[in-house]
Amino acid sequence: MLNTGSTGFMLLATSLVMLMTPGLAFFYGGLACKRNILGIMMQSFVSLGLTTVLWFFVGYSLCFSGGEGAILGNLDKMFLHGITPLTPFKSGGFPELVFVAYQMMFAIITPALITGAFANRVTFKAYLIFLVVWQLFVYYPFAHMVWGGGLLAEMGILDFAGGIVVHATAGAAALASVFFVGSRKYKESKPNSIPLMAIGTALLWFGWYGFNAGSELNVDGITALAFLNSDIAASFAAITWLIIEWYRERKPKFVGFMTGAVAGLATITPAAGLVSMPVAALMGIIGAITCYLAVHIKNRMEWDDALDVWGVHGIGGVTGTILLGIFASTVINPAGADGLLYGGAAFFIKEVVVVVITSIYAFVFTYIMLMLINVITPVKVSDEEELAGLDISIHGECAYDTGVF
């Protein structure tokens, strides 16, 4: 029997997650240089359209139909076959159509996260191919294995809202992309609009409540816990990053504060409904420190991950998954597991091994995929296009009117 309260809440959560993709576009658009604002924003927005088409054709079916204990589902629900407005989701409470839409929003934002790493350097045609192929061979298998009753779910792997499925895969793919396309010609370009980034941060932070709390797929105490844990981790991480940067650079940086908040949100994502509130605070602090160190290492190694996708999302997701393996407790969520601190050594080892293997697979596949795409169409823009900026050279538009009128 359908419950109007659960249905309404899940529709709201779906809307919040959808809002995260435009939020990401603003976040990245503010960080980009003036010649590449529209290009990077369009990469996020186009995922809203193209991923929806792919999800309707085969995506939902490959992730969430059949394939128990397998790597991928089957094609029984291609074109959403057999799903009517009255078809209930398997756990009951709301229509399956709501679940289709909710999970689609996760599929939309995950590849969009990667785009910040190769900002200013990738052709739009190559990106469109990347968007489709990466989902088919990276996102869909892990979504099925973890959330669709596949292989990793049968092994007892837990990922409450996407530390493995979303952030670890996207972060590793981002790093592979950086290694493939190389560095920008002008690496020292400053953010064109920190206020635009602030709007993006606000939308991401706001939308993340739907991302994490909605992943309970119900309206209960765990929903509230995941909601509050998200805010606690983000806040502790933001303040931690602010303090570290203030101490090191002698100035409190707004960009650092916002980056820290996103790092905390990425870190708590796999554990939001599975750990206590004090643990969420600790995870926020640890997440900020590890992500800050990752960004520092990236800079030292001169890896041109332009907008720190690997350092923030990738390392945040991996850190959160490992911490979940340590701090998870069935006292907090009986449907979860006990982590290392509560005698769950086997669970901890499985979480660590899986998140490492996931990252390696996403990195290797992405690099090979880019090599193959490059055979079909150039992946990297020409030096002339990069100098002119992708907004004009590829899209024939510019973000700001530089004329006299």
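**Note on buried charges, pockets and a buried serine**

1. At 4% relative accessibility, Glu-386 counts as buried (buried is under 20% relative accessible area, exposed over 50% and partly exposed in between, with a 1.4 Å probe and protein chains only). Its salt-bridge partner is Lys-380, with the closest N and O atoms 3.6 Å apart. Lys-380 counts as partly exposed, at 28% relative accessibility. A salt bridge here is a side-chain nitrogen of Lys or Arg within 4 Å of a carboxyl oxygen of Asp or Glu.

2. The model is predicted: local features need pLDDT of at least 70, and side-chain atom pairs count only at pLDDT 80 or more, whereas totals for chains, interfaces and linings use all residues. Residues are numbered from 1 along each chain as its sequence is written, and side-chain values use heavy atoms, with hydrogens and water left out.

3. The whole structure holds seven salt bridges. One of them joins the side chains of Arg-121 and Asp-304 (3.6 Å, N to O). Arg-121 lies in the loop between α3 and α4 and Asp-304 in the loop between α10 and α11, so the pair ties together parts 183 residues apart in sequence. Arg-121 is buried at 0% relative accessible area, and Asp-304 is buried at 3%. Through shared partners, salt bridges join Arg-121, Arg-184 and Asp-304 into one network.

4. Lys-298 and Asp-308 also meet in a salt bridge through their side chains (2.7 Å, N to O). Both residues are buried. They are also among the residues nearest the centre of the largest pocket, together with Val-295, Asn-299 and Ala-306.

5. The largest pocket holds about 1,200 Å³ of space and is lined by 38 residues. These divide into 18 nonpolar, seven polar and 13 charged. Helix α10 gives the largest share of the lining, five residues.

6. The second largest pocket holds about 690 Å³. Its lining has 31 residues, with Trp-147, Phe-160, Ser-215, Glu-216 and Leu-217 nearest the centre. The lining divides into 16 nonpolar, twelve polar and three charged residues. A pocket is an open set of points on a 1 Å grid over the protein atoms alone, where a 1.4 Å probe fits, with protein on both sides within 12 Å along at least five of seven lines; lining residues have an atom within 4 Å of a point.

7. Ser-230 lies in helix α8 and is buried, at 0% relative accessibility. Its side chain reaches the backbone oxygen of Ala-226 at 2.7 Å. Not counting residues up to four places away in sequence, Ser-230 touches Tyr-209, Asn-212, Leu-265, Ile-268 and Ala-272 (contact means heavy atoms within 4.5 Å).

Conventions:
Points joined across faces, edges and corners; volume = space filled by probe spheres on them. Helix = DSSP H or I, 4+ residues; strand = E, 2+ residues; numbered from the N terminus. Nonpolar A, V, L, I, M, F, W, Y, C, P; charged D, E, K, R; others polar. Polar contact = N/O pair within 3.5 Å; in protein donor to acceptor, adjacent residues only side chain to side chain.
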